Amino acid sequence: MLNYLIKRLLWMIPMLIGISLISFFIMHLAPGDITASESAFNPKASEESRQKLRALYNLDKPLMTQYSLWLKRIVKLDFGNSFASHQRPVLWETKDAKGNVSKGMIQDALPITLMINLIGLLVIFALSIFLGVVSAVNQNRWPDRLITIIVFVGFAIPGFWLALLLMYWTGVTHSWLPISGLHSAGYEKMSHIAQYVDLFKHLILPVSISSLGGLASISLYVRNGMLDILQQDFITTARAKGLPENKVIYGHALRNTLLPLITIIGLSIPGLIGGSVIGESIFAISGMGKLFFDAVLMRDFPVVMGILTIGSVLTLFGNLIADIGYAWADPRIRRGISN
Amino acid sequence: MKNLTQNPLALSGLIIIVTVLFVAIFAPWLSPYDPNYIDIHSILLPPSYSHFMGTDGLGRDVFSRMLHGSRISLLVGFVAVGIATLIGTFLGAIAGFYRGYIDSIIMRFVDIMLSIPTFFLILAVIAFLTPSIWNIMIVIGLTSWMGVTRLVRAEFLSLRNREFILAAEAMGASDYRLIYKHLLPNSLTPIIVSSVLGIASAVLTESGLSFLGLGVQAPQSSWGNILTDGKEYIQFAWWLSLFPGLAILVTVLGYNLLGEGLRDLLDPKNKNQKK
């Protein structure tokens, strides 16, 4: 097991280099550079000040040199500062000479996106296991048909469209739910309980939208997995020895169906992070997705590359944790690894 | 084909897709108005007999714009998936056929591409290049081939040592012949299924990009950008938001139903599940 862990961790090094190479060169596909868009906002910018800017960010050096300078910095977790006028650090807070602390952009945004997606994953898990089991146990009867239809519609519905309709219906027509941001005005002055209630209300719509796609695919997965396993010999044995059907379904079949889910969750991380762009833009939530979208429009290279890198690193770690969790939960896999 | 008509899900998927195809091909003849004709005397009219789906903020007929928009989602779906399938099949075939270090290199590259959040990658490239329909199709294609590569490789690995392949090899068939005449035709099922499902997700991605303003640019209409325009008027012109969303939903549903139906029909492993 330890050998396996070390091997997996070592594999991440070439993966990380590959990821950094791809994200770095994609950023430089663009015609024009940051100096062009910055001077467009400021007509007084002279050619000389543009040159200075290029020198400051090494944009005047050859691509490979730029890349190695960048790589040297990110190994030390230094993702630089934003090109935007506030010049905040991309990753983590720094202190300047006067002792003023400026908070990192990803430091601010990541917890928000993680919170929404983790709550979303819990919702997905709870609901899709329920839907999948009901569907499998009632195979080809009306509950199964109904759930299958819901699942297919869930796959096909554009999240941003549903978000728009829900926002209009629950927020504008009926004023049941707040439709943007994470906190109401006056959040700081509320009691603790009121703060949680306020946050909860703000989270309902974004979490529902972000868990939609996963809900559909995982309940379909649970259904098909259950159907597969219910046909296996050990289920027949369990039934033959007179176990109540409840125990057969939940004790034997469901437990075996859920094992591979650990891996699937690991694989769904990049989709969840990527999917946060549209949801966060619609609901005006300043998480990773919105930060990335704004940075892309501004051609804010350090922020774009920082988020691409951090997002990919998160994915790699997510997959690693999923694989370890799988090995921990399933003795067959564990034995396969140590042999 | 006979079996396809007996599977109600696949059949309804096929009907939807054929309808969308028909609408897209004959859009200019089916449209009652010029989709880009701006009429300031009929701004934001609700649906009626003269405008089935009402008019938008510039007085353009939404029904005609929807019909023309179907061409965009069809084009994006087919071209993007065409690119992804070509790259995916090529790399997967090479990896599965030659195995060894070529396989390792290709599959590690797949792993790397899979760990970069795809939508971030697409967004970055689109925003850096100019957003145009061709850029969108190419970028979606270049970021969605990894699944096909894995499928084709797995299929090739399992076929590689079958007797009919070994026999062909012993008779002196070239690598090219082995791959194109023997291995590929026997791996078509998963490729077809994943292509059909891939079109569904390409259509969704394109509409998402258009919604963010990075997709198909005005005056060309796509379902995504009709929806974006409609967002501004959602309080008093529901028809601008409802119809394009429904169109995307139904089209994507069609591809998904057809894809899953084909999987059930063509995949012998699934037979024991279906009665």
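Start by selecting Glu206(B). Buried or exposed? It is buried, because 27 other C-beta atoms lie within 10 Å and 20 or more is enough to count. Bear in mind as you look around that this is a predicted model.

Now widen the selection to the stretch that carries this residue: Glu206(B) sits in helix H11 of chain B, residues 188–211. Which residues does Glu206(B) touch once neighbours within four places in sequence are left aside? Pick out Ser73(B), Val76(B), Ile136(B), Ile140(B), Gly215(B) and Gly224(B), and you have its contacts.

Zoom out to the whole of chain B. How many helices and strands are there? Chain B has 13 helices and 0 strands, so a cartoon view reads as α after α along the sequence. Its C-alpha atoms fill a box of roughly 75 × 45 × 30 Å along the principal axes. Of the 275 residues in chain B, 47% are buried. Take the contacts in chain B between residues at least 6 apart in sequence, and 69% of them link residues at least 24 apart.

Switch to chain A. Here you will find 14 helices and 2 strands. Chain A has 339 residues, and 34% of them count as buried. For its contacts between residues at least 6 apart in sequence, 64% join partners at least 24 apart.

Then click on Leu77(A), which follows H4(A): its phi is positive, near 60 degrees.

Last stop: where the chains meet. Show both chains and select the residues in contact across them, 40 from chain A and 34 from chain B. Which elements of chain A give two or more residues to this side? Colour helices H1 (2–27), H6 (142–156), H7 (159–173), H11 (261–282), H12 (288–298) and H13 (301–329) of chain A. Now colour the side of chain A that touches chain B by residue class: you get 32 nonpolar, 8 polar and no charged residues.

How values were computed: Residues numbered from 1 in each chain as written. Chains lettered and ligands numbered in written order. Predicted model: local features only at pLDDT ≥ 70, side-chain atom pairs only at ≥ 80, totals over all residues. Helix = DSSP H or I, 4+ residues; strand = E, 2+ residues; numbered from the N terminus. Buried ≥ 20, exposed ≤ 12 C-beta atoms within 10 Å, placed from the backbone. Contact = placed C-beta atoms within 7 Å. Nonpolar A, V, L, I, M, F, W, Y, C, P; charged D, E, K, R; others polar.
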